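Work through the exercises below with the model open beside you. Try each task before you read its solution.

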Amino acid sequence: MYQHVQPNNTNHIHANGHNVPTKATTNGTMCANGSLGTEGPEAPETDSSGTGRMRKPLERNGSTQNHAVHLERRLGLFSGVALIVGTMIGSGIFVSPSGLLVRTGSVGVSFIIWLACGVLSLLGALAYAELGTMNTSSGAEWAYFMDAYGPAPAFLFSWVSTLVLKPSQMAIICLSFAQYAVEAFVTECDPPRGVVKMVALVAIVMILFVNCYSVNLGMAVQNVFTAAKLVAVVVVICGGAYKLMQGNTQHLSNAFSGPMPNVGSIATAFYTGLWAYDGWNNLNYVTEEIKNPSKNLPRSIIIGIPLVTLCYALINISYLAAMSPEEMIVSEAVAVTFGNRVLGALAWLMPLSVTISTFGSANGTLFAAGRLCFAASREGHLLDILSYVHVRRLTPAPGLIFHSLIASAMVLHGTIESLIDFFSFTAWIFYGGAMLALIVMRYTKPNYPRPYKVPIIIPVVVLVISVYLVAAPIFETPRVEYLYALLFIFAGLIFYVPFVKLGMTPRFMNKVTLFFQLLLEVVPTSSMAMFE
């Protein structure tokens, strides 16, 4: 239950004894949480099938133009493409090529997997485009699980994603940022681990400040850093083209000479490649802030993901034009080795490019993660305070701060390698669940409007692949970490049953919520503004 201060006496007492914010309508009646009256949500509409049946909007109750405090639609097509490209092109392409070669043992197979990861990401994103235009609420998988399966599976996703997936993703990116940033000043030995972690923490604080200060500033940073990293990608591609014109094609001529990898190795190789592509669904987390989402969401996806796939393919060819597969495998930083071989006196551009790329990717990751926290908390699946918005800046500051704190803890106690496989394994469980949700709602909600609709074969194919990506490593090389991941997912039920299903709330939580509300100057989106 929301607990907040109002400038006037328009609070009504709810049956459970808590205050419920109300506001006057044009006819003089009072509306609890803005849910009734002429200023409340739209009335049910007749569905588009011509049957005359009534349907309610699929969107979750929450931030709308009718609320004094809400998330505004400020993201256009360019910002949408920048968010996708900016979060996808992070550290992966500068680190993952060697990982793919190790797990496949073949240049040709690794290149095919790079392309297949791009195609899979595009197919998954197109399916997400249908889900995102069908329900334009923020939260991505959480909102779709609510629609298809109900609150329990949605809670499990928000539980895992808020506490593990999104923070670990940001921690990995910031550690990669710090690794490259520190390496620029350390030439004789490996950078000290403590220094790397401190730089990563500083990066998290800077990104948190940017996103808490202003949505426009956060997207401006995203746009600028995306443009900068695309310039760096062009530099790598041009350098590779120069080496190819010199006749350095020997590493590409016998691409399939190595042994074929087994089924489990291919699955784990996909994990490595898909980490570099991760972020293809981030735009779905911020659909409440996209202008004309029914058009700009699918357009951003159709432009952004093929662009990233093309960049990745050309970058891999450029790497192989400058160094052998063996040299790529032993290289700690493939992009830096490439720069030393090709760019000469301008080799310093590569570590700079990687730091720019990873900083922009971390910025986009936190931008999206805060919206998931905001959406799930608004429904009562997480702490109430995480659904509040700053009264002046209109940013979901509590959710952003919460994610940053967990990411900081992971930076202090984890490593890049220990986080990537866990992230990929767990994430694809939920990606597959989203594909199944789309298929389920084709039958359970056939009359809901779908401004963008994909052929049903697309979610089916992605669902089958996601099952393979989850099951193959377990059967091929069983590891206790996979069991820990599954146990952690279902451990969320321990908290769901008493605190969400039964609605139990510790007495002290109201005081905690009020304390942080006053400290952070935030209010629920369904309330009247505290500050004018």
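A nonpolar core is a set of buried Ala, Val, Leu, Ile, Met, Phe, Trp, Tyr and Cys residues joined through side-chain atoms within 4.5 Å. Keep in mind that this is a predicted model.

**Exercise 1. Describe the overall make-up of the protein: its helices, its strands and its buried share.**

Solution. 
- Step 1. Count the elements. There are 18 helices and seven strands.
- Step 2. Turn to burial. The protein has 532 residues, and 56% of them count as buried.
- Step 3. Look at contact range. Take the contacts with a separation of 6 or more: 78% of them join residues 24 or more positions apart.

**Exercise 2. Find the largest nonpolar core and the residues with the most contacts inside it.**

Solution. 
- Step 1. Size the core. It has 133 residues.
- Step 2. List the residues with the most contacts inside it. They are W142, C174, W280, I301, Y312, Y319 and W428.
- Step 3. Ask which element gives the largest share. Helix α5, residues 151-183, supplies 17 residues of this core.
- Step 4. Follow C174. Leaving out residues up to four places away in sequence, C174 touches A200, A203, I204, I207 and A362.

**Exercise 3. Decide whether S161 is buried or exposed, and name its contacts.**

Solution. 
- Step 1. S161 lies in helix α5.
- Step 2. Apply the cut-off. Buried means under 20% relative accessible area. S161 has 1% relative accessibility, so it counts as buried.
- Step 3. Read off the partners. Neighbours within four places in sequence aside, S161 contacts K166, P167, L372 and H403.

**Exercise 4. Check the span of helix α14, then work out what its buried residues pack against.**

Solution. 
- Step 1. Helix α14 covers residues 397-413, which is 17 residues. At 1.5 Å a residue it should span 24 Å. Its end C-alpha atoms are 25 Å apart, which agrees.
- Step 2. List the buried positions of α14. They are A397, P398, G399, L400, H403, S404, I406, A407, S408, M410 and V411.
- Step 3. Find the packing elements. The buried residues of α14 pack against α5, α6 (193-213), α13 (349-378), β6 (388-390), α18 (508-520) and β7 (522-524).
- Step 4. Examine α13 and α14. Their axes come within 8 Å and cross at roughly 115°. That makes α13 roughly perpendicular to α14. The crossing is right-handed.
- Step 5. Name the residues that meet. From α13 they are L366, A369, G370, R371 and C373. From α14 they are G399, L400, F402, H403 and S404.

**Exercise 5. Classify the packing of helices α9 and α16.**

Solution. 
- Step 1. Take the geometry. Helix α9 (residues 263-277) and helix α16 (residues 457-476) pack at about 130°, with their axes 8 Å apart.
- Step 2. Classify the angle. α9 and α16 are therefore oblique to each other. Their crossing is left-handed.
- Step 3. Trace the contact. α9 brings V263, G264, I266, A267, T268, F270, Y271 and L274. α16 brings Y468, L469, V470, A472, P473 and E476.
- Step 4. Check α16 itself. It has 20 residues and reaches 28 Å from its first C-alpha to its last, close to the 28 Å expected. Its buried residues are I458, P459, V462, S466, L469, V470, A472 and P473.

**Exercise 6. Classify the packing of helices α7 and α10, then locate I317.**

Solution. 
- Step 1. Take the geometry. The axes of α7 (residues 215-245) and α10 (residues 293-322) come within 8 Å and cross at roughly 45°.
- Step 2. Classify the pair. α7 and α10 are therefore oblique to each other. The crossing is left-handed.
- Step 3. Trace the contact. α7 supplies L230, V233, V236, I237, G240, K243 and L244. α10 supplies C311, L314, I315, I317, S318, Y319, A321 and A322.
- Step 4. Zoom in on I317 in helix α10. At 25% relative accessibility, I317 counts as partly exposed.
- Step 5. I317 and V236 are 81 residues apart along the chain, and their C-alpha atoms are separated by 9.9 Å.
- Step 6. List the partners. Not counting residues up to four places away in sequence, I317 touches F111, L244 and L252.

Key: Residues numbered from 1 in each chain as written. Predicted model: local features only at pLDDT ≥ 70, side-chain atom pairs only at ≥ 80, totals over all residues. Heavy atoms only, no water. Buried < 20%, exposed > 50% of the residue type's maximum accessible area, 1.4 Å probe, protein only. Helix = DSSP H or I, 4+ residues; strand = E, 2+ residues; numbered from the N terminus. Contact = heavy atoms within 4.5 Å. Expected span 1.5 Å × (residues − 1). Axes fitted to C-alpha atoms, helices over the stretch in contact; angles between N-to-C directions. Parallel < 35°, antiparallel > 145°, perpendicular 65-115°, else oblique. Left-handed = near helix turned anticlockwise from the far one by under 90°.
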